[in-house]
Amino acid sequence: MNNRMVSIDFWNTLVDAGSNGEQRQKMRLDAVRDISNRHGMVPSDAAIQQANEAVTRRFDAEWIDRQRTLTTAELVRHMLEALKVPATPAEQSELVEAFMESFFAGPPKPAEGVDKALAEISSYYHLAIISDTRFSPGSVLRRYLEKLDLIRYFSAFAFSDELGVSKPHPTAYSHVLEATSSRPASSWHIGDMQRTDIEGAKAMGMKSILYTGFSTPDSENTTADFHCDKWNLVSDIVLSEI
């Protein structure tokens, strides 16, 4: 296992990003309404939706064009600016906390069979997570993995809010390769997006698997070495390379 690693994306690879998303969104928007109401403002659903869309555009511009993700605090600030809510610093901090904790109001469901697959793979490879974050920073995702008792399989993490870059930036991959003393040619990356996961891994000289268990838009146009929709197949593929 000395120089072999498997790095794994979080959203739509380890977990289903769409599961329980409405509960998470409701908690965030309820918190925005509460802060607005304190200042005598009652934003309409349409106004909140427009503000949310504006924040999404700003996020995507950073993520796609600059290979960086906005932090939770930046997202909150942009949301309040879009709604013209004069929140105090304390209220902004309160809203950041609500946005972060919304993850646990509707935690995503883990992929079927992922626990068994991680146990099998970790016997032969170092395991790492490379995840781009948005409302839920790396600190929250670690807590979730602890609750599921999955964190024990991982020895390195590259969360974009902590690292300052997002996939496909080479630093996201080199960070976990160096942390596990692994060689790219002996390592794999598993994720659901061609533009971020697969292109980033291939540029580093790593092998790659496009995971299509939750998201399939890139399945017909990928440069991944393999693509599959079940974690037992992921395990079979990477273990066949031992």
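**Cores and loops in a predicted model**

Colleague: Which residues does Trp 231 touch, leaving out those up to four places away in sequence?

Modeller: This is a predicted model. Leaving out residues up to four places away in sequence, the contacts of Trp 231 include Thr 13, Glu 112 and Gly 113.

Colleague: Which members of the largest nonpolar core touch the most other members?

Modeller: That core has 56 residues. In soluble globular proteins, nonpolar side chains tend to be buried together. Those touching the most other members are Trp 231, Phe 154, Leu 118, Leu 14, Phe 10 and Ile 8.

Colleague: How many residues are in the second, separate core?

Modeller: Among its members are Ala 128, Ala 156, Ala 172 and Ala 201. The count for this second core is 11 residues.

Colleague: Where is the cis peptide bond that has omega of about 10°?

Modeller: Pro 168 sits in the loop between helix H7 (160–163) and helix H8 (170–179). The cis bond joins this proline to Lys 167.

Colleague: Is Lys 84 buried or exposed?

Modeller: Lys 84 lies in the loop between helix H3 (72–83) and H4, and its phi is positive, near 60°. Exposed means over 50% relative accessible area. Lys 84 has 66% relative accessibility, so it counts as exposed.

Colleague: What is phi of Ser 181 near?

Modeller: Ser 181 is in the loop between H8 and strand E6 (188–191). At 56% relative accessibility it counts as exposed. Its phi is positive in a residue other than glycine, near 50°.

Notes
Residues are numbered from 1 along each chain as its sequence is written. This is a predicted model: local features need pLDDT of at least 70, side-chain atom pairs count only at pLDDT 80 or more; totals for chains, interfaces and linings use all residues. Side-chain values use heavy atoms; hydrogens and water are left out. A nonpolar core is a set of buried Ala, Val, Leu, Ile, Met, Phe, Trp, Tyr and Cys residues joined through side-chain atoms within 4.5 Å. Buried means under 20% relative accessible area, exposed over 50%, partly exposed in between (1.4 Å probe, protein chains only). Contact means heavy atoms within 4.5 Å. Helices (H or I, at least four residues) and strands (E, at least two) are DSSP runs, numbered from the N terminus.
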